[in-house]
Amino acid sequence: MKKLMWLALLILAVIACNTADDITLEAGETFTDTNVRVLKLDTFDLEFTTFKFDSVQMPLGDRILVGNYTDETFGKTSSQSFIEMIPESYDIDNEGVYDSIVLIMAYDNYYYNDTLNQMTFDVHEVTERIEPYNDETYFYNTSTLNYNENETLGSHSFMPRPMDGDSIRIKLDDEFGYNLFDQIQGNDITDLDEFRENFKGITVKSQDNTNGSVLGFSVDTEETMIRVYYRVPEDVSDIEQYFDLIISATSTPATYFNHIEADRSSTILASITNDQENLISSEDLDNAAYIQAGVGIAPRIRIPNLKSLYEIDGDGSVLNAVMKIYVNSENFSDQLFLNDSLYANTLDRHMDISEEITDYSGSSVFGTLLENSEFSEIYYSLPLTTYTDVILSSESDEDLYITLIPSEYESSVNRTILNDDETNNYTAVLELTYVIYNEED
């Protein structure tokens, strides 16, 4: 295969050194005076299926996601955040008098779906330690913890302003705030272990009757916090002061996570289950494959007849391979927007990600969203030259399946619908340039 690759590079070099008038490559035409032909092929079968990862790992350093929205294809998607918040210090002026407590959550500019509807967030107290189970380092989108569902620490209705607002402020229960203040001021709580015994953390969720958007909030310690205000009496007036409970955004194991789920029961995707090896053919899903970040829905793409290239007489090499995967303009909007790119990975037969697909330089391969306004075409262009080389050079009959996921797959809820190769309009296609040499006369 290395020999074939070098031949392909040589042909590219020759083409680069000649003008368009010097040489023209037509499908099946002999290359100059040598026994070399270049074929352009686009009739490969493409097999599209959809599955769901049993869980998606929630890494540190991303965002808090809270909210819900409903669309007819993916159903109701919701995200609830569980957060441990700890004091920056345990020192409060002995003369201090408690005033109020508020949760401040700073937008991080991410949102998905309509932000024109009013939303209501509820804050509840978590009743168990926020730490991963079974000595793991991270949580997953399916993780959840017990919390006091019958009582709220605070509730706030607002119009989302993720792009031009700085934060939302949720007034919390004063009895809860006073107890925290009193125990720290009175030295009943002097360190983290004692604090965790008294306060495990909070969960923030959107009320179920809200159909709005999923909003992203910062985990930066200077932007999102629980702030406790108090006054220190002076001779003339009181001086307002505060102390903060902050997120341990870099702690290991993780101390916050987003629980993301979707109700697809009344949609076309109802047959998708948590069984990772349950594959649903695009033929049963309106000739499409589906992606939903956060929830874990992903496509699996297979090129079943790629090795039919071996049936062509002569030795050959893939010069270039690009898959075009179209999206229907009816399946996205300004609110349900598309990702600019989708990263390509290979899957094993159990639907676990094997590795990233890379080019010859080792850089990640991804599908880039392109638009041809003249023909109203919107598609992802996915370079697969190295992938096809790997498949063709492999002696194994086991396929390396392709999956596509957005870069923020674990910290967003974006959804995408991809046309398969049987769609009535704008069908997916693999365009492959194949060099043949040493062909028998």
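Does Phe-82 count as buried or exposed? In this predicted model, Phe-82 has a relative accessibility of 0% and therefore counts as buried. The structure as a whole contains 21 aromatic pairs. In one of them, the ring centres of Phe-82 and Tyr-147 are 6.1 Å apart with their planes at 65°, so the arrangement is edge-to-face. Phe-82 belongs to strand β6 (residues 75-83), while Tyr-147 is in the loop between β10 (139-140) and β11 (154-158); the two residues are 65 residues apart. Tyr-147 also counts as buried, at 14% relative accessibility.

**A second aromatic pair and its cluster**

Tyr-111 and Phe-337 form another edge-to-face pair, with ring centres 6.2 Å apart and planes at 75°. Tyr-111 is located in strand β8 (residues 97-112) and Phe-337 in the loop between β21 (315-326) and β22 (341-347), so this pair ties together parts 226 residues apart in sequence. Tyr-111 is partly exposed at 23% relative accessibility, and Phe-337 is partly exposed at 27%. Ring pairs join Tyr-111 and Phe-337 with Tyr-69 and Tyr-112 in a cluster.

Arginine side chains also meet aromatic rings. The charged end of Arg-227 is positioned over the ring of Tyr-242, 3.8 Å from its centre, and Arg-300 lies over the face of Tyr-401, at 3.8 Å from the ring centre.

**Nonpolar cores**

The largest nonpolar core comprises 72 residues, of which Leu-306, Met-323, Leu-404, Leu-430 and Leu-432 touch the most other members. Beyond its neighbours within four places in sequence, Leu-404 contacts residues including Ile-291, Pro-299, Ile-325, Tyr-343 and Leu-418. Another core, of 40 residues, lies apart from the largest one; among its members are Ile-83, Tyr-98, Phe-158 and Leu-172.

**Salt bridges**

The model holds 12 salt bridges. One of them joins the side chains of Glu-47 and Arg-302 (3.3 Å, N to O). Glu-47 is in strand β3 (residues 47-52) and Arg-302 in strand β20 (residues 297-302), so the bridge ties together parts 255 residues apart in sequence. Glu-47 is partly exposed at 28%, as is Arg-302 at 22% relative accessibility.

Glu-84 forms salt bridges with Arg-129 (3.5 Å, N to O) and with Arg-196 (2.8 Å, N to O). Glu-84 lies in the loop between β6 and β7, and Arg-196 in helix α3 (residues 192-198), 112 residues apart. Shared partners join Glu-84, Arg-129, Glu-131 and Arg-196 into one network of salt bridges.

Notes
Residues are numbered from 1 along each chain as its sequence is written. This is a predicted model: local features need pLDDT of at least 70, side-chain atom pairs count only at pLDDT 80 or more; totals for chains, interfaces and linings use all residues. Side-chain values use heavy atoms; hydrogens and water are left out. A nonpolar core is a set of buried Ala, Val, Leu, Ile, Met, Phe, Trp, Tyr and Cys residues joined through side-chain atoms within 4.5 Å. Buried means under 20% relative accessible area, exposed over 50%, partly exposed in between (1.4 Å probe, protein chains only). Contact means heavy atoms within 4.5 Å. Rings of Phe, Tyr and Trp (its six-membered ring) pair if their centres lie within 6.5 Å; planes under 30 degrees apart count as stacked, over 60 as edge-to-face and the rest as tilted. Helices (H or I, at least four residues) and strands (E, at least two) are DSSP runs, numbered from the N terminus. A charge sits over a ring if NZ of Lys or CZ of Arg is within 6 Å of the ring centre and within 35 degrees of the ring normal. A salt bridge is a side-chain nitrogen of Lys or Arg within 4 Å of a carboxyl oxygen of Asp or Glu.
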